[in-house]
Amino acid sequence: MGQFLAILNVNIVNVATPTIEADLHSSGAGLQMVVAGYTIVYAVLLITGARVGDLLGYRKAFLGGLAVFTATTLAAGLAPSTGWLVAFRLLQGAGAALMMPQVLTLIQRNYQGAARGRAIGLWSLTISGGIVVGQALGGILLGFGAGWRIVFLVVVPISAILLAAGLKVLPVDEGGGRTGLDPWGLVTLSAAVLLFVVPLVLGRDLGWPLWGWVSMGLSVAMFGAFVRVERWVTARGGRPLVDARVLRAPGMRPGLVILLFGPATWGAFLFTSALHLQGELHLSPLASGMMMVPCALAFGLVGLLWPRLPIQLQRPLVPFGYVVAAPAYLGLGLAAGGGLAYAIMSALIGAGLGVQVAVTNMATERVDGAYAADASGALLTVMQLGQVIGVATVGTLFIALSQGHGTLSASLGAALAMAGLAVLAGLSSIFLVRGRVPSRA
């Protein structure tokens, strides 16, 4: 539920931006940071949040992140100006980055075998559910004329209840299994992610300025510096921010590649669909959100049923999922006029991408429990980067094609790009499942 609220908070704010702009007289840049600031800080601090959980205990880190998230959500709902709202959104992102990695880490450390698969299925379902509910709930609340503040304030009592429940039900762990925050690794990785994410998040609306391309070029250099720093820390007997043994675990590296391309298609699909449904098809935010329900339900259903399948079927399911998703994206472009055909293609996309639950499970099941936090931070960061890349690349293509021609014609071009990303994810999944002996634990 904590993860659900963190995801919900991204999409519910997207719906409220017009009323925020009118009420607070926000500039274009200010409004962009209200929406994007949360995502930027969240993406930058995910791995750091995972390490904090390793140091302090995952229960303490989750509840601490939830407390920060709750307080800053309340503050955002009461913000007197755009500047204050942006500041509180940045702090919200920090709270979410501290909270979210602990969810997957706690699952990895407390569940085994089929129960672990089901838990990861629920974990994935909350992500897709938070996206759809955020869009729909935002439309409902604003439809009642409650104003933009309600989209923040409605979350606060739920978060407070979760804090009280978490104190009772979350397993106690001592933390301290790893020492130190690896400050040099933290600085270089944070800089690399920041230099990469900021131009991708803001570049489209700013017309892809030169500084954005320079920033992305510098991010490549900073990622290289991060790798060298981590090797240096390891050679000195220290604890690197991301231990190389995590990346050497069977399935982890192909899993990371798949969880870059797969979420890229997901992020692009949600972004372009919202623009198309609320643009040329003139649907309300609520109706637009409802059109995503078949996709979310199919996504969650596949994730929940996957662990219950015979072991012999679990392995080939992963490439098959992307075989379903790729032509479904093409079908979505052909069915861009909406209606039943659009809903069916949306459901097929969700069913195909639902195998990402299996990918997460396979990528992490052979990671030593002592490095669960490293794996969680790496996977979540890559998934977030994938979504940002999908929105930036396919979203830019969609907007460019729609100028002067409308979103109906642009949908097919975007669908081709998303299908291509799904094919790349499917080809990568072959390396994950090839020669694999399924665990019967």
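Biologist: What volume does the second largest pocket have?

Modeller: This is a predicted model, in which local features need pLDDT of at least 70, side-chain atom pairs count only at pLDDT 80 or more, and totals for chains, interfaces and linings use all residues. On a 1 Å grid over the protein atoms alone, a pocket is an open set of points where a 1.4 Å probe fits, with protein on both sides within 12 Å along at least five of seven lines; lining residues have an atom within 4 Å of a point. Grid points are joined across faces, edges and corners, and a volume is the space filled by probe spheres set on the points. For the second largest pocket, the volume is about 860 Å³.

Biologist: Which element gives the most to the lining of the second largest pocket?

Modeller: Helices are DSSP runs of H or I with at least four residues, numbered from the N terminus. The lining of this pocket has 28 residues, and F223 and F226 are among those nearest its centre. Elements giving two or more residues to it include α8, α10 and α9 (210-235). With 8 residues, the element that gives the most is α9.

Biologist: What is the volume of the largest pocket?

Modeller: The largest pocket is lined by 50 residues, and those closest to its centre include V10, N11 and F271. Among the elements that give two or more residues to its lining are α1 (2-24) and α16. Its volume is about 1400 Å³.

Biologist: How many residues of helix α16 are buried?

Modeller: Buried means under 20% relative accessible area, with a 1.4 Å probe and protein chains only. The buried residues of α16 include Q356, N361 and T364. Helix α16 is largely enclosed by the rest of the structure, because the buried residues number 9 of the 9.

Methods. Residues are numbered from 1 along each chain as its sequence is written. Side-chain values use heavy atoms; hydrogens and water are left out. Buried means under 20% relative accessible area, exposed over 50%, partly exposed in between (1.4 Å probe, protein chains only).
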